[in-house]
Amino acid sequence: MKAEKVILSFVAVFVGLVAAGIAFYLYQSTKGIPFDQFKPSATKVVKAPTPAATETDVFTVDTPTDQQVSDKKLITIKGTAVKGATITVSTDDSDQVVQPADNGDFTLTQTIPDGTSIVEFTAVFPDGTQKKIDRTVTFSTASF
Amino acid sequence: MKYKIIISAIIFSLALTGQAYAATPSPTASNSQTLNSQINQLKDKIASRVSELNLVEKRGVIGTIQEVKDSQITLSTNENNLQYIDVDEITKFSSAGSSASFGISDLKKGMDVSVLGIYNKESQRILARYVDTVTIPTRFSGEIVSIDTKNYRFTLMTVDNKAQDIDIETTTKISSYTPDAGLTSYGFSKLSVGDRVQIVGYPDKKNPSLLITDRLIDLLNAPKNPNILIVTPTSIPSPAPTSKGTKSISPIK
């Protein structure tokens, strides 16, 4: 009688484990994402709208950023301005003048002075108005 | 028979249990040391990388000193923002033409300085590593309203509608710009009233209202700035002199 109880206990535990395992499997299978939802066609790629260059005073300088520290003397300048603008880049010891491409982008390289200095960007727009952006840039190879 | 059933049931239940491994093998003394050193290296790398990427970064700033207090400098940047600078025992100070013992006590309100250091994004303060006094060039842009060819000077009307006296030196680099020709060398004699120019220079030490030009660009094809109001002086008609009421002058003999 005692042995039967023990056996029944083991059998009951076993049946319980099997039932729990089945239940867990079913639960996990419900958390999965159906295959058809993985189709790439279901993913909508939303492109950022291209800013219309119709405004008359569009002028941004993307690089260099303000207070940027560079370990190279030659830095790349990138930005956007309205078509037909004239952009002057002025450091402590040299100047450059560029005009943006048809899409408004402009890119150039500029040698910066040693240490920290201010690079001034001035855009003269086709309507005669102008806008000024300053960037403090530092050339330094010091490690700290 | 009963025992056989019990034993087989136990074996069966044991067979259901999976194998479990320790998360890490039991370390020996040498393995433990290697592991600890690797963990420490990894921690250092992660900490360094996190600090590099997120919390701090190198920054350089230029501004005018508003206040110097203990180990803190308050700067007003060219964008008119306040930037707090912390200095410590390894901050290096320098000033052009000054002695090697230049330090924080030599910094005064109104001085222009450049600061290179570690910017903390959370506190938004810079821990200075280098503090140097600087001379910031003055920049103007506007239109020429009058030219004094005799003294190599002209008056510029800035975009703020302020008249600024400009002095041209023999060392001044004058350029002109057109989209076709680009930047080309130019001369003072070619400057005309109404030209749109951009100027970099430094105030005259004797007369701070006069700008000594270092570089000048004449934007030849640039349109007029509608915000610059140039008032052309009109001549006021003076009354024709009459002899009425005047005294006759006789020559001295």
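In chain A, strands 4 and 7 pair in the antiparallel sense over 5 bridges. Pairing here requires at least two DSSP bridges between two strands. Strands (E, at least two residues) and helices (H or I, at least four) are DSSP runs, numbered from the N terminus. Thr88(A) has Thr122(A) of strand 7 as its bridge partner. Thr122(A) in turn bridges to Lys132(A) in strand 8 of chain A.

Strand 7 of chain A runs antiparallel to strand 8 (residues 130-139), joined by 10 bridges. Their hairpin has 5 residues between the strands. Within this hairpin, Gly128(A) takes a positive phi near 95°.

## Model and confidence

This is a predicted model: local features need pLDDT of at least 70, side-chain atom pairs count only at pLDDT 80 or more, and totals for chains, interfaces and linings use all residues. Residues are numbered from 1 along each chain as its sequence is written, while chains are lettered from A and ligands numbered from 1 in written order.

The predictor gives the complex an ipTM of 0.70 and a pTM of 0.68. Chain B averages a pLDDT (the predictor's confidence in each residue, from 0 to 100) of 85. In chain B, 76% of the residues score at least 70.

## The sheet of chain A

The open sheet has 5 strands in the order 2-8-7-4-5, with mixed pairing. Its edges are strand 2 (68-70) and strand 5 (95-98), each pairing on one side only. The twist averages 25° from one strand to the next. Axes are lines fitted to C-alpha atoms, and angles run from 0 to 180 degrees between N-to-C directions.

Ser90(A) has Asp95(A) of strand 5 as its bridge partner.

## The contact between chains

Chain B brings 37 residues to the contact and chain A brings 32. Two residues are in contact if their C-beta atoms, placed from the backbone, lie within 7 Å.

Several elements of chain B each supply at least two residues to the side that touches chain A, including strand 1 (56-69) and strand 13 (210-219). Helix 1 of chain B gives the most to this side, with 6 residues. The side of chain B that touches chain A divides into 20 nonpolar, 8 polar and 9 charged residues. Nonpolar covers Ala, Val, Leu, Ile, Met, Phe, Trp, Tyr, Cys and Pro; charged covers Asp, Glu, Lys and Arg; the others, Gly among them, count as polar.
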